[in-house]
Amino acid sequence: MEKKKYYITTPIYYPSANFHIGHCYTTVIADAIARFKKLEGYDVFFLTGSDEHGLKIQKKAEEAGVTPKEYVDKIIDDAKDLWKSLDINYDKFIRTTDDYHKETVQKIFKKLYDQGDIYKGEYKGLYCTPCESFWTESQLVDGKCPDCGRDVNMVSEEAYFFRLSKYQDRLVEYIESHPEFIEPVSRKNEMINNFIKPGLEDLCVSRTTFNWGIPVTFDSKHIVYVWIDALSNYISALGYLGRDDSLFKKYWPADLHIVGKEIVRFHTIIWPCILMALDLPLPKQIFGHGWLVINGGKISKSLGNYRDPREYIKEYGVDAIRYYLLREVPFGSDGTFSEDLLITRYNTDLANTVGNLVNRTLSMLNKYFEGVVVNSNVETEFDKDLISLVEGTKAKVQSYMDKLEIPEALDSIFDIFRRCNKYIDETAPWALAKEDNKDRLKNVLYNLLESIRVGAILLEPFLINTSKEILRQLNTKKTGYDTIDKFGTLEEGIKINDFKPIFMRIEKKNEQE
Ligand code: MSP
């Protein structure tokens with residue numbers, strides 16, 4: 001049977017020398033969803049990349065005395081290194097400076113122009129000459145340029161426009177008849193009431209005041225400006241209007257665009273209208289997540305709260321960082337990143353709940369049965385409760401993941417580990433050993449090991465290394481997603497591997513003092 005396809009994307013990132021933990025948030029979540037869908041048997045395509053054009057980059061390159069391309073090349077290598085250190089397993093990394101992308105954007109621009117959806121007009125705006133930037137009234141700070149604080153002038157410039165207004169009614173109708181199109185629902189209401197219903201204005205889609213961008217083929221003093229260039233990555237990456245469009249035929253429309261809340265507007269208004277103009281189906285869902293903040297504010301170098309995410313990874317391990325990003329904040333809401341909370345999460349959930357459980361259980365198996373997995377059929381009421389929870393968890397995780405309730409999905413896996421810890425208290429294996437009740441002891445340890453195996457397999461999309469390491473320690477060959485439907489699949493007679501605690505408790509800095 002042919003696998004069902006699943007196409008998931010992150011936004012393409014502005015090359016910035018300061019990738020921070022907030023940037024990692026979108027990508028880690030998309031990665032976990034992509035891995036989960038793969039585990040469920042989907043044919044997944046996971047796209048990420050970089051958004052490399054624009055005046056800002058051109059200027060930074062000039063300051064650095066290199067070409068814009070040289071400037072971005074270096075940063076992109078660094079971004080790829082960051083994604084690798086976070087175990088991000090994307091299928092493709094698109095750069096808007098890639099030739100195939102540029103060609104597709106040029107073809108899209110020409111097609112929209114030929115069919116009358118793009119027209120030439122005049123762009124009027126408040127312009128800061130030293131910064132070469134247009135600003136809107138609301139962006140100004142005390143009536144001055146928000147970047148440099150100098151005066152701005154009203155100027156006009158020849159520019160091309162996309163007829164966004166023409167698609168307004170179709171867009172509203174589409175959003176209203178597809179309730180799952182924009183999630184969470186609060187963002188959907190905001191888009192309709194604050195942005196679409198008051199009226200869409202045609203969108204300026206070209207510039208002549210700088211040249212680091214994709215040239216308009218039929219009018220070379222213009223470059224394509226921002227959104228047509230950036231948003232088209234989702235289809236150019238698949239070969240749309242290119243030499244080989246087989247991926248496009250297979251994967252489009254996207255199943256999920258994950259984006260931060262500040263760019264929901266572009267993805268739910270401009271992007272669908274461009275797609276309607278191109279006569280293409282719309283993505284199935286755009287999910288706008290919240291922001292990670294530090295001490296209630298943005299993460300930035302100038303605020304002094306910026307650290308390279310790789311420093312955190314070095315200090316706490318990649319799974320601890322992934323766990324925090326996936327678990328701490330309800331998906332869709334804003335949340336806090338702090339090392340203090342990270343350490344608390346780490347100690348409570350990773351070190352105490354999972355790490356300690358696995359270590360205790362394997363130690364008991366070593367002590368009482370020389371590390372060999374054995375079973376017997378002495379069951380008590382405690383077992384039933386544990387077994388039914390373990391058997392029911394896969395369905396629970398699936399249902400949470402379908403709703404993109406990622407912290408809840410992870411938490412339901414941790415319910416297994418918490419239930420195991422309670423089971424140890426209930427069954428008191430050390431007392432069974434003392435009484436020499438070997439049969440019951442075998443059964444208790446088997447139930448624990450089997451529950452741990454199921455939990456480890458379910459953890460795989462989220463905490464890759466932890467999952468692998470637990471399964472390695474167990475020395476089981478039963479590691480497939482299809483082996484956890486029925487309790488009792490762990491092989492009897494296997495001998496566990498060498499083991500040590502997977503997570504060591506971290507003392508908080510002030511506690512050490
Ligand atoms: N280049 C555009 C996207 C174009 S998509 C066709 C862009 N790039 S960005 O680098 O500024 O942001 C990339 C993503 O990182 C966005 O989804 C943004 O919301 C996310 N984040 C940046 N800072 C963030 C936090 N502090 N917290 C969570 N996500 C944040 O926008």
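Strands here are DSSP runs of at least two residues, numbered with the helices from the N terminus. I am working on a predicted model.

**Cis peptides**

One joins Trp252 and Pro253, with omega about 5°. Pro253 falls in the loop between H9 and strand E12 (256-260). I also noted Glu183 to Pro184, a cis bond with omega near -10°. Pro184 sits in the loop between strand E7 (182-183) and helix H6 (185-196).

**Aromatic pairs**

I searched the whole structure for ring pairs and got 30. I picked out Tyr7 and Tyr251, a tilted pair at 6.4 Å centre to centre with 50° between the planes. Tyr7 belongs to strand E1 (residues 5-13) and Tyr251 to helix H9 (residues 246-251), so this pair ties together parts 244 residues apart in sequence. Are these two tyrosines buried or exposed? Both Tyr7 and Tyr251 are buried.

Next I took Tyr323 and Phe414. They are tilted too, with centres 5.0 Å apart and planes at 35°. Tyr323 is in helix H12 and Phe414 in helix H15 (residues 406-427), so parts 91 residues apart in sequence are tied together by the pair. I checked burial here as well. Tyr323 has a relative accessible area of 1% and is buried. Phe414 is buried at 0%.

**Charges over rings**

I found Lys394 with its charged end over the ring of Tyr481, 4.1 Å from the centre. Lys80 lies over the face of Phe93, at 4.9 Å from the ring centre.

**An open sheet**

I traced an antiparallel sheet of four strands, in the order E5-E4-E6-E8. E4 (residues 118-128) is joined to E5 by three bridges. Across that pairing, Tyr127 stands opposite Phe134 in E5.

**Helix H18**

I listed the buried positions of helix H18 (residues 464-474). They are Ile464, Thr466, Ser467, Ile470, Leu471, Gln473 and Leu474. What do they pack against? Their partners are helix H1 (21-39), helix H12 (318-327), helix H13 (339-369) and helix H17 (438-459). Just after H18, Asn475 has a positive phi of about 65°.

**Other positive phi values**

I noted two aspartates in loops. Asp142 has a positive phi of about 50° without being a glycine. The loop that holds Asp142 runs between E5 and strand E6 (153-162). Its relative accessible area is 75%, so Asp142 is exposed. Asp436 has phi near 60°, again positive in a residue other than glycine. I place Asp436 in the loop between helix H16 (429-434) and H17. Exposed means over 50%, so Asp436 qualifies at 54%.

**Second largest pocket**

I opened the second largest pocket, with a volume of about 370 Å³. Which of its 18 lining residues are closest to the centre? They are Tyr6, Lys37, Asp255, Gln285 and Asp402. E1, H1 and helix H14 (381-402) each supply at least two lining residues. H1 gives the most, with three.

Note on methods:
Residues are numbered from 1 along each chain as its sequence is written. This is a predicted model: local features need pLDDT of at least 70, side-chain atom pairs count only at pLDDT 80 or more; totals for chains, interfaces and linings use all residues. Side-chain values use heavy atoms; hydrogens and water are left out. Two strands pair if DSSP finds at least two bridges between them. Buried means under 20% relative accessible area, exposed over 50%, partly exposed in between (1.4 Å probe, protein chains only). Contact means heavy atoms within 4.5 Å. Rings of Phe, Tyr and Trp (its six-membered ring) pair if their centres lie within 6.5 Å; planes under 30 degrees apart count as stacked, over 60 as edge-to-face and the rest as tilted. A charge sits over a ring if NZ of Lys or CZ of Arg is within 6 Å of the ring centre and within 35 degrees of the ring normal. On a 1 Å grid over the protein atoms alone, a cavity is a set of points where a 1.4 Å probe fits but cannot get out, and a pocket is an open set with protein on both sides within 12 Å along at least five of seven lines; lining residues have an atom within 4 Å of a point. Grid points are joined across faces, edges and corners, and a volume is the space filled by probe spheres set on the points.
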